[in-house]
Amino acid sequence: MSNHLTEVDPAVADAVDRERERQESTLGMIASENHVSEAVLAAQGTALTNKYAEGYPGARYYGGCEHVDEVERLAIERATELWGADHVNVQPHSGTQANMGVYFAAIEPGDTILSLDLTHGGHLSHGHHVNFSGQLYAVEQYEVDPETGYVDYDALAEQAREVDPDLVVSGSSAYPREFDWERIGAIADEVDAYHLADIAHVTGLVAAGVHASPVGHADFVTGSTHKTIRAGRGGIIMCEEAYADDVDSAVFPGSQGGPLLHNVAGKAVGFAEALTPDFEAYAERVVDNASALADVLRERGLSLVSDGTDKHLVLVDLRDSHPDLTGADAEAALSDVGIVVNKNTVPGETRSPFVTSGVRIGTPALTTRGFGPEEIETVGHLVADVIDAPDDGTTRDRASDAVDDLCESFPVYE
């Protein structure tokens, strides 16, 4: 019981060490990833992993929960302060589980969901046919305007009148612009539907006030707690007090068993960090860095969906500038030089999601490392260089050397 991981399981210990080295030696630009603090890592690796605590603070099905109750209450109190919601549930294991909790609380199987199409920036859990949400519910989807790359709210309102959904879902995984939460809330009200705002990607930006908040404009708000908010991995549900009991019952016992209390502790610690002025400055830099990245990529001739960004990511559409280069090819070429992005579908996509015509590039993790606009501009040029000449060895060697220098100058963990 007291032996170190390297003694008990050297294979796993080696994989963990190599993953930490991979993070240190590459530039992580996957928009949904970030680097948490040593404090959050410490919280998630505690004896809380040993405790079962089905139920909620003060109402558990097991004894010995007095200390984990305190941890969960701290997470709830801090989340309430960060986002200003009436009620918060911090137990969902992920953002998808948070969405499941809302669906189970608000609608019935067979009811209609109106959500953003996956290839236009939506998420699997918003009704894609391979996901439970697309299998249990009737799903209609809206798209971005093909000319502008923005959501057309007049068209969305008209579609909502035609579809008459039970739930309207806003939020995305690859839409570079802010949503007009108030307008979508009004559209949902007009057709007597609930409004779920999924802020999984922008949870931290909303908390810091650099992105508009859907709280007050949506009946339910869900999010991830490990992306721009940099807390313990998992999900969160926020709602009006009137829906609190339904949401809590939908999470437990409706869709989950005991909470992962070590992750809840990581959420509590990350939320505490997010309540500091330093975090507000961080969130501002994330957005500034994404804007700087967009400027460079545009200057280098790359097409961006919606021609830019309001938040933490850009979505590059390769079809205009590099019609023969797929998203998968671009991802692989960039990975080879140490820049980690992900292939991504783009509006009007004709290729498989395993191939794609675009790449999604984010700034949260590099901003955590200390990158500012100057360093981001350098990275933007490296990205463009590799995309322009993915098979040129000299270009790739030069980019790889530059990545090594940047990683050495901006370590993740001391």
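**Figure 1. Both faces of strand β12 are covered in this predicted model.**

**Figure 2. Strand β12 pairs with strands β11 and β15.** Strand β11, formed by residues 303–304, runs antiparallel to β12 and is joined to it by two bridges. Within this pairing, Ser303 stands opposite Asp317 of β12. Strand β15, formed by residues 358–362, pairs with β12 in the antiparallel sense over five bridges.

**Figure 3. Asp307 has a positive phi in the loop between β11 and β12.** The phi angle of Asp307 is about 65°, although this residue is not a glycine. Most residues other than glycine have a negative phi. The loop that holds Asp307 lies between β11 and β12, two strands that run antiparallel.

**Figure 4. Arg230 is a buried loop residue with a positive phi.** Arg230 is not a glycine, yet its phi is about 60°. The residue lies in the loop between β9 (220–224) and β10 (235–239). Its relative accessible area is 17%, which is under the 20% cut-off, so Arg230 counts as buried.

**Figure 5. A cis peptide bond joins Phe252 and Pro253.** The omega angle of this bond is about 10°. Most peptide bonds are trans. Pro253 is found in the loop between helix α10 (244–251) and helix α11 (261–274).

**Figure 6. The setting of these views is a protein chain with 16 helices and 15 strands.** The radius of gyration of the chain is 21 Å, close to the 22 Å that the globule rule gives for 414 residues, so the chain is as compact as a globular protein of that length. Along the principal axes, its C-alpha atoms fill a box of roughly 65 × 65 × 35 Å. Buried residues make up 54% of the 414 residues. Of the contacts with a separation of 6 or more, 73% are between residues 24 or more positions apart. The accessible surface comes to about 17100 Å², and carbon and sulfur atoms account for 47% of this area. The chain has 25 positive and 72 negative side chains, with the centres of the two sets 4 Å apart.

How values were computed
Residues numbered from 1 in each chain as written. Predicted model: local features only at pLDDT ≥ 70, side-chain atom pairs only at ≥ 80, totals over all residues. Heavy atoms only, no water. Buried < 20%, exposed > 50% of the residue type's maximum accessible area, 1.4 Å probe, protein only. Helix = DSSP H or I, 4+ residues; strand = E, 2+ residues; numbered from the N terminus. Pairing = 2+ DSSP bridges. Rg over C-alpha atoms; globule rule 2.2 N^0.38 Å. Contact = heavy atoms within 4.5 Å. Areas by Shrake-Rupley, 256 points an atom, 1.4 Å probe, with all protein chains shown as cover. Lys, Arg positive; Asp, Glu negative; His and termini not counted. Charge placed at Lys NZ, Arg CZ, Asp CG, Glu CD.
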